[in-house]
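Dear colleague,

I am handing over the structure below, together with an account of what was found in it. Please read the notes with the coordinates open beside you.

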Amino acid sequence: MGSDPVGPTAVRSRPDRFCPTGPNERSVPVSLTARLDRAVGLPAAYRLIDALLLAVLVAALAACYAAGMAPTAVAAVALASFGLEFAVGRVVTDGLLRGLELADEAPPRLRRIAAEVAADLSVATPLVVVDRESAGGVNVLGDDDRTVLVASASLAERLDDPALRAVVAHELAHRSLGHLHRIPIREGATHGVGLAAFWLLALRHLPPQVAAVAGGAFLVAGVGRSNDVNLLLYVLASAGAVVLVRALAARASRLEECHADDVAVAATSATDFCTGLYAVGALGDADDAVAGGSPFGARRTRLERLTAEHPSIEARLARYGVAPDEVADGAPGQRPVDD
């Protein structure tokens, strides 16, 4: 454990628009999400944004109904948007969990740290495996019965115990706070708004059977948008509506990241967490769940700044009064001796 845990009453630091407020905030202009955080706290803030996201979906479906969509079709749009996301997510998660359960077991040091952190956060001890192919990163997967923590071998080998503990605590905090269950809801709402926009712009002018097929193709493209072609079709067909909804959902995700950061800092220390976070970002992995894609704000495109689900590393360090150069030398640290 670190020696300087940060709690809600500690001195506050500088925020920015990607990670609006934190335990050490100074007086600077803040965003709407920052004001929500100040007014109601992080958990209520991202729940309010989720409520707004669902309100946007209801408004989009109401617009479809007003434009002539039958009530059964309105219900079908909503059910298909959420149902496909949940179904595909369940299949993918189950497949990943089965595969990971057969993967190489993690070194004793990493398993010990994960078990200790899980006990501290009152969550079930996860199965811990190492990924020997990724550059660096930590991810947590799970359903109601299983939790698997996946850590890159290079990161697990390079970080010392305190920094590794902090990174693991961040990921398991998402599990303890219930964040993993909110992802498919946001994705489903995005699909629903996008499909409503697609129908208002084009599908309502087509024969019902053709519109149904095109709408289904839109949802498939949205669920599988890791493919660049699918992503382009998804955005263009909705006239960019999905980008705006994703930007709103990203606000909630960034607040969740801040919440998980605070849990990790409270379980370790600000220095340990910032060192581990910087190391994850510096090693770089597009699929990492701790730092996120394009973790450093200075390297983000305008679209990434709008839709990034993680605050920039610079902003996250600033919440705890830490500058990047203060932790760069220690991230990653020397390879520790394994148990």
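Predicted model: local features only at pLDDT ≥ 70, side-chain atom pairs only at ≥ 80, totals over all residues.

Helix α2 covers residues 42-66, which makes 25 residues, and the distance from its first C-alpha to its last is 36 Å, close to the 36 Å expected at 1.5 Å a residue. Just after α2 comes G68, whose phi is positive, at about 115°.

As for the overall picture, the protein contains 14 helices and 3 strands, and 50% of its 339 residues count as buried.

A helix pair comes next. Helix α7 (residues 183-201) packs with helix α8 (residues 208-223) at an angle of about 145°, the two axes being 10 Å apart, and the crossing of α7 and α8 is right-handed. On the α7 side the contact is made by H191, G194, L195 and F198, while α8 contributes A214, G215, F218, L219, G222 and V223. Sorted by class, the residues in the contact of α7 with α8 are 6 nonpolar and 4 polar, with no charged residues.

A166 is placed in helix α6, residues 161-176, and it counts as buried because its relative accessibility is 0%, which is under the 20% cut-off. Leaving aside residues up to four places away in sequence, A166 touches A264, T268, D272 and F273. The C-alpha of A166 is also 8.5 Å from that of C274, although the two residues are 108 apart in sequence.

On the matter of cysteine pairing, a search of the whole structure finds 0 disulfides.

A282 belongs to helix α11, which runs over residues 270-283. With a relative accessibility of 45%, A282 lies between the 20% and 50% cut-offs and therefore counts as partly exposed. Between the C-alpha atoms of A282 and I313 the separation is 10.0 Å, the two being 31 residues apart along the chain.

Finally, two backbone details may deserve a look. Most residues other than glycine have a negative phi. S122, however, has a positive phi near 60°; S122 is found in the loop between α4 (108-120) and β1 (127-131), and it counts as exposed because its relative accessibility is 68%, over the 50% cut-off. A239 likewise has a positive phi, in this case near 55°, and is a residue other than glycine. The loop that holds A239 lies between α9 (228-237) and α10 (241-267), and A239 counts as exposed because its relative accessibility is 57%.

With kind regards

Conventions: Residues numbered from 1 in each chain as written. Heavy atoms only, no water. Disulfide = S-S within 2.5 Å. Helix = DSSP H or I, 4+ residues; strand = E, 2+ residues; numbered from the N terminus. Buried < 20%, exposed > 50% of the residue type's maximum accessible area, 1.4 Å probe, protein only. Expected span 1.5 Å × (residues − 1). Axes fitted to C-alpha atoms, helices over the stretch in contact; angles between N-to-C directions. Left-handed = near helix turned anticlockwise from the far one by under 90°. Contact = heavy atoms within 4.5 Å. Nonpolar A, V, L, I, M, F, W, Y, C, P; charged D, E, K, R; others polar.
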